[in-house]
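Student: Could we go through this protein together, one question at a time? I would like to see how each answer is reached.

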Amino acid sequence: MIYEMRVYTSMPGRREAVLSRFREHTMRIFPRHGIEVVGFWTPEIGSGTQCELVYLCVYDDIAARQRAWESFRRDPEWIAVRQETEKEGQIVAEVDVKILKPTDFSPIK
């Protein structure tokens, strides 16, 4: 198994729009493409607390992750949702992606 940590930095004042898009649309679309979300978090302490959304996904391997995201990005519903939710301007300023491999002593494998 591999894990993917994604940190979305919203445009100033737009984090609620990012949260809403995930809550109302993206989470419904992800399963069709094999994107399994482990959890979502908003930072409470530290830098980026007002602008960040952090989430973790799990995949069988890197190839499964690649297929899932390629499929998701081509999904007509996702394309329409993205256009609709950004009609008043961009809501995501940056996405930082890290692929995480559990250590041999990690409780999560």
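Student: Before we start on the details, at what relative accessibility does Arg32 stand, and is Arg32 buried, partly exposed or exposed?

Tutor: Please keep in mind that we are looking at a predicted model. A residue is called buried under 20% relative accessible area and exposed over 50%, with partly exposed in between. Arg32 has a relative accessibility of 48%, so Arg32 counts as partly exposed.

Student: With which residue does the side chain of Arg32 meet in a salt bridge?

Tutor: Side chains of opposite charge can pair when their charged atoms come close. Here the N to O distance is 2.8 Å, and a salt bridge asks for a side-chain nitrogen of Lys or Arg within 4 Å of a carboxyl oxygen of Asp or Glu. The partner that meets the side chain of Arg32 in this salt bridge is Glu77.

Student: How many residues apart are Glu77 and Arg32, and where do they lie?

Tutor: The salt bridge between the side chains of Glu77 and Arg32 links distant parts of the chain. Glu77 belongs to helix α3, residues 76-85, whereas Arg32 sits in the loop between α1 and β2, and the two are 45 residues apart.

Student: Which salt bridge does Arg65 form, and how many residues apart are the parts that it ties together?

Tutor: Arg65 forms a salt bridge with Glu4, with 2.8 Å between the closest N and O atoms. Arg65 lies in helix α2 and Glu4 in strand β1, so the pair ties together parts of the chain whose separation in sequence is 61 residues.

Student: How many of the residues of strand β3 are buried?

Tutor: In a regular strand the side chains alternate between the two faces of the sheet. In β3, Glu52, Val54, Leu56 and Val58 point one way, while Leu53, Tyr55, Cys57 and Tyr59 point the other way, and all are buried. Strand β3 is therefore largely enclosed by the rest of the structure, and the count of buried residues is 8 of the 8.

Student: Which residues stand opposite Val58 of β3?

Tutor: Strand β3 pairs with β1 in the antiparallel sense over 8 bridges, and β2 and β3 also pair in the antiparallel sense, over 5 bridges. Opposite Val58 in β3 stands Tyr3, and another residue that stands opposite Val58 is Glu36.

Student: Why is the pair of Phe22 and Phe40 edge-to-face, and what is the angle of their planes?

Tutor: A pair of aromatic rings is described by the distance of the centres and the angle of the planes. The structure holds 11 aromatic pairs. In the pair of Phe22 and Phe40 the ring centres are 5.3 Å apart, and planes over 60 degrees apart count as edge-to-face. The pair is edge-to-face because its planes stand at 65 degrees.

Student: Which residues make the nonpolar surface patch?

Tutor: The patch covers about 290 Å², and its largest share, 3 residues, comes from strand β4, residues 92-100. Ile62, by contrast, lies in helix α2 and is partly exposed, with a relative accessible area of 48%. The patch is made by Ile62, Val95, Val97 and Ile99.

Terms used: Residues numbered from 1 in each chain as written. Predicted model: local features only at pLDDT ≥ 70, side-chain atom pairs only at ≥ 80, totals over all residues. Heavy atoms only, no water. Patch = residues over 30% accessible without salt bridge, like charges linked within 9 Å, V, L, I, M, F, W, Y side chains within 5 Å. Areas by Shrake-Rupley, 256 points an atom, 1.4 Å probe, with all protein chains shown as cover. Helix = DSSP H or I, 4+ residues; strand = E, 2+ residues; numbered from the N terminus. Buried < 20%, exposed > 50% of the residue type's maximum accessible area, 1.4 Å probe, protein only. Pairing = 2+ DSSP bridges. Phe/Tyr/Trp six-rings, centres within 6.5 Å; stacked < 30°, edge-to-face > 60°.
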